[in-house]
Amino acid sequence: MAGTSSGPSIFPTVLYADAKAAIRQLTEGLGFTELSLYESEDGTVMHAELVQGNGAVMIGSKGRGGVFDGAMKGAGPAGVYVVVDDVDAHHRRAVDHGVDILMPPTDQDYGSRDYMARDAEGNIWSFGTYAPAIGG
């Protein structure tokens, strides 16, 4: 089957008015690693991939043109959940970088420990220990 691999098959895609600032906040404050960055001649972020664990999020600039940009025009903020090993250490890093924390590390009834943050453009990022068991 085309597209089948042992890695993740779903990649959230978020567009930002200031994609370069978003990439800085996500890498420096929230621990993502920049895997790739493609810019136009004027510095518009056409496509970037940021990795966390075995997953990734794709980032781009709003207003860059194209079908996806047009379809996302006027879209509200997104919410993304990311699995991390050490929620408290991850939270401390976010706090140290001035990330807006909406909920501190909290033990959930279903066994996860997680926290919630808002990025500079209003997207909600949750980081926790719960990892859904997918596949078999």
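Visitor: What classes of residue line the largest pocket?
Guide: By class, its lining has 14 nonpolar, 7 polar and no charged residues. (Ala, Val, Leu, Ile, Met, Phe, Trp, Tyr, Cys and Pro count as nonpolar, Asp, Glu, Lys and Arg as charged, the others as polar.) This is a predicted model, where local features need pLDDT of at least 70, side-chain atom pairs 80 or more, and totals for chains, interfaces and linings use all residues. Numbering starts at 1 along each chain, and side-chain values use heavy atoms, without hydrogens or water.

Visitor: Which residues lie nearest the centre of that pocket?
Guide: Pro-8, Ile-10, Asn-54, Gly-55 and Val-83, out of 21 lining residues. (A pocket is an open set of 1 Å grid points where a 1.4 Å probe fits, with protein on both sides within 12 Å along at least five of seven lines; lining means an atom within 4 Å of a point.)

Visitor: Which element gives the largest share of the lining?
Guide: Strand 5, with 4 residues. (Strands are DSSP E runs of at least two, helices H or I runs of at least four.)

Visitor: Which side chains of strand 5 are buried?
Guide: Val-80 and Val-82, on one face. (Buried means under 20% relative accessible area with a 1.4 Å probe, protein chains only.)

Visitor: New topic. Where is Asp-69?
Guide: Asp-69 sits in helix 2, residues 67-72.

Visitor: Why does Asp-69 count as buried?
Guide: Because its relative accessibility is 11%.

Notes
Buried < 20%, exposed > 50% of the residue type's maximum accessible area, 1.4 Å probe, protein only.
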